[in-house]
Amino acid sequence: MVTFDGITQNLSARQTDILVLLAQSIGQLVPRDEILDTVWGNSSYANSMSLNVQITYLRHILALDTTVKIISIKKKGYILQITS
């Protein structure tokens with residue numbers, strides 16, 4: 001569950017797991033394979049595509065807070081960026 005400005009949005013278990021991994025390394029690259037292995041158990045093509053979809057959902061949910069962004073580094077991974 002994520003709350004911002006009085007608005008609460010629920011996260012799926014996978015979205016929560018992904019966000020926790022990113023939050024543990026704010027400002028640092030979290031490799032795709034690490035996310036896939038941790039959240040799905042392997043880095044198959046189907047799981048890789050699912051990761052893309054879950055990142056899109058997370059971006060939509062986090063969009064209310066303009067200080068929080070998930071940055072994609074093509075074929076490498078993601079960075080959770082928080083600005084003030």
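The legends below walk through close-up views of one predicted model.

Residues are numbered from 1 along each chain as its sequence is written. Because this is a predicted model, local features need pLDDT of at least 70 and side-chain atom pairs count only at pLDDT 80 or more, while totals for chains, interfaces and linings use all residues; side-chain values use heavy atoms, with hydrogens and water left out.

**View 1. Confidence along the protein chain.** The mean pLDDT (the predictor's confidence in each residue, from 0 to 100) of the protein chain is 95, and 100% of its residues reach 70 or more. Confidence is lowest in strand 1 (residues 2–4), with a mean of 89, and highest in strand 3 (residues 30–31), with 98. Helices (H or I, at least four residues) and strands (E, at least two) are DSSP runs, numbered from the N terminus.

**View 2. Helix 1 against helix 3.** Here the axes of helix 1 (residues 13–23) and helix 3 (residues 45–62) come within 10 Å and cross at roughly 75°. Axes are lines fitted to C-alpha atoms, for helices over the stretch in contact, and angles run from 0 to 180 degrees between N-to-C directions. The two helices, helix 1 and helix 3, are therefore roughly perpendicular to each other (angles of 65 to 115 degrees; under 35 counts as roughly parallel, over 145 as roughly antiparallel and the rest as oblique). Gln 15, Ile 18, Leu 19 and Leu 22 of helix 1 make the contact (heavy atoms within 4.5 Å) with Leu 51, Gln 54, Ile 55, Tyr 57, Leu 58, Ile 61 and Leu 62 of helix 3. By class, the residues of this contact are nine nonpolar, two polar and no charged. Ala, Val, Leu, Ile, Met, Phe, Trp, Tyr, Cys and Pro count as nonpolar, Asp, Glu, Lys and Arg as charged, and the others, Gly among them, as polar.

**View 3. Helix 2 against helix 3.** Helix 2 and helix 3 pack at an angle of about 100°, their axes 10 Å apart, and are therefore roughly perpendicular to each other. From helix 2, Arg 32, Ile 35 and Leu 36 meet Asn 47, Ser 48, Leu 51 and Asn 52 in helix 3. This contact of helix 2 with helix 3 has three nonpolar, three polar and one charged residues.

**View 4. The largest nonpolar core.** A nonpolar core is a set of buried Ala, Val, Leu, Ile, Met, Phe, Trp, Tyr and Cys residues joined through side-chain atoms within 4.5 Å. Buried means under 20% relative accessible area, exposed over 50%, partly exposed in between (1.4 Å probe, protein chains only). Of the 20 residues in the largest core, Ile 18, Leu 22, Ile 35, Leu 51 and Ile 70 touch the most other members. Helix 1, helix 2 (32–39), helix 3, strand 4 (68–73) and strand 5 (77–82) each supply at least two residues, and the largest share, five residues, comes from helix 3. Leaving aside neighbours within four places in sequence, Ile 35 is in contact with residues including Ile 18, Val 30, Trp 40 and Tyr 78.

View 5. Gln 54 lies in helix 3 and counts as buried because its relative accessibility is 15%. Not counting residues up to four places away in sequence, Gln 54 touches Ser 12, Gln 15, Ile 18 and Trp 40. Ile 61 is also in helix 3, and is buried at 11% relative accessibility.
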